[in-house]
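Here is a short report for a first look. Start with the structure, then read on.

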Amino acid sequence: SWVALTAVSLCVVAAVIVGGVVGALFAAFLVMLLIYRMKKKDEGSYTLEEPKQANVTYQKPDKQEEFYA
């Protein structure tokens with residue numbers, strides 16, 4: 001009886017430890033994935049050369065037409 005109870009409690013302790021390790025690994029994986037996505041999103045979001053000024057001015061149309069998309 002005492003041996004069976006000790007074996008069951010040993011299995012419970014082992015299961016809790018294994019679950020904690022698996023949970024910690026999963027959490028570390030999620031953090032790494034989040035950092036990877038943030039770095040990937042940051043790439044190409046800025047330009048190295050000076051921005052070009054647009055020289056487009058508004059031109060009034062010749063006739064009043066409506067365009068439907």
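## Burial and overall make-up

A residue counts as buried when its relative accessible area is under 20%. This model is predicted. Of the protein's 69 residues, 0% count as buried.

The protein has 1 helix and 0 strands.

Helix α1 covers residues 2-42. An unreviewed UniProt entry lists residues 6-36 as "transmembrane region". That span, residues 6-36, is 100% helix and 0% strand. Its end C-alpha atoms lie 45 Å apart.

## A nonpolar surface patch

Which residues form a nonpolar patch on the surface? They are Phe26, Phe29, Leu30, Leu33 and Tyr36. Together they have about 530 Å² of accessible area.

Leu30 is one of the patch residues. Its place is in helix α1. Leu30 counts as partly exposed because its relative accessibility is 41%. Partly exposed lies between the cut-offs for buried, under 20%, and exposed, over 50%.

Note on methods:
Residues are numbered from 1 along each chain as its sequence is written. This is a predicted model: local features need pLDDT of at least 70, side-chain atom pairs count only at pLDDT 80 or more; totals for chains, interfaces and linings use all residues. Side-chain values use heavy atoms; hydrogens and water are left out. Patches are made of residues with over 30% relative accessible area and no salt bridge: like charges are joined within 9 Å, nonpolar side chains (Val, Leu, Ile, Met, Phe, Trp, Tyr) within 5 Å. Accessible areas come from the Shrake-Rupley method with a 1.4 Å probe; for residues, only the protein chains shown count as cover. A salt bridge is a side-chain nitrogen of Lys or Arg within 4 Å of a carboxyl oxygen of Asp or Glu. Helices (H or I, at least four residues) and strands (E, at least two) are DSSP runs, numbered from the N terminus. Buried means under 20% relative accessible area, exposed over 50%, partly exposed in between (1.4 Å probe, protein chains only). UniProt positions are given in the numbering used here, feature names are shortened, and annotations may be inferred rather than shown by experiment.
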